[in-house]
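Hi everyone, thanks for making time for this one. Have a look at the structure on the screen, and I'll talk you through a few of its side chains.

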Amino acid sequence: MSSAERAGERELPYDVFAKVCPSRGTLEHVTGRWGGLTLGALYEGSLRFNELRRRVDGVSEKMLSQTLHALERDGLVHREAQPTNPPRVDYELTPLGHEVAGRLLSLIHCVEGRMDEVLAARERYDAARGAL
């Protein structure tokens, strides 16, 4: 990265490294365990709450609800409630959410594709620490 690019980045009105910057909260919502998985699950299209809960294996109803509220508040997820009995609620990504999820999925695919290396590194680390 050139010094001009770095200088341009400093001119941005938000700085996630500053503790008072509102972008930090959004980054936490996006990169937290459930936020990242929820965005990734919604990337392919709209899902109902229970479909989403099944797709994001291991998330509790409470955590998924909190995650969806945070992502909706940040403008990444749209909640559509149908006036039916019982009520039908669908969740889908907004255009901003779709962009963020696409970038996140690139990272997810990178990690998944390199897991053999990660697992080998863990084994080396554990072996070295166990030998001390």
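Let's begin with the cysteines: the count of disulfides here comes to zero. Please keep in mind that this is a predicted model, and that count is computed from it. C21 has a relative accessible area of 10%, so it counts as buried. C110, on the other hand, is partly exposed, with a relative accessible area of 43%.

Now to the charged side chains. How many salt bridges does the count come to? The count is four, and I'd like to walk you through some of them.

Take R103 and E99, please. Their side chains meet in a salt bridge, with 3.2 Å from N to O. Why are these two separated by about one helical turn? Because they are four residues apart in helix α6, which covers residues 95–113. As for accessibility, R103 comes out at 61%, so it counts as exposed.

Next, find D90. D90 forms a salt bridge with R88, and the closest N and O atoms are 3.0 Å apart. Is D90 buried or exposed? Its relative accessibility is 12%, and the cut-off for buried is under 20%, so D90 counts as buried. R88 sits in another class: at 34% relative accessibility, R88 counts as partly exposed.

One more pair, and then we leave the charges. The side chains of E61 and R53 also meet in a salt bridge, at 3.7 Å from N to O. E61 has 49% relative accessibility and counts as partly exposed; the cut-off for exposed is over 50%. R53 is partly exposed too, at 32%.

Let's finish with a threonine. Which helix holds T67? That would be helix α5, which runs through residues 61–73. At 10% relative accessibility, T67 counts as buried. What is T67 in contact with, once we leave aside its neighbours within four places in sequence? The contacts are W34, G35 and T38. If you have the model open, click on T67 and look for those three residues around it.

That's my tour, and I'm happy to go back to any of these on the screen.

Notes
Residues numbered from 1 in each chain as written. Predicted model: local features only at pLDDT ≥ 70, side-chain atom pairs only at ≥ 80, totals over all residues. Heavy atoms only, no water. Buried < 20%, exposed > 50% of the residue type's maximum accessible area, 1.4 Å probe, protein only. Contact = heavy atoms within 4.5 Å. Disulfide = S-S within 2.5 Å.
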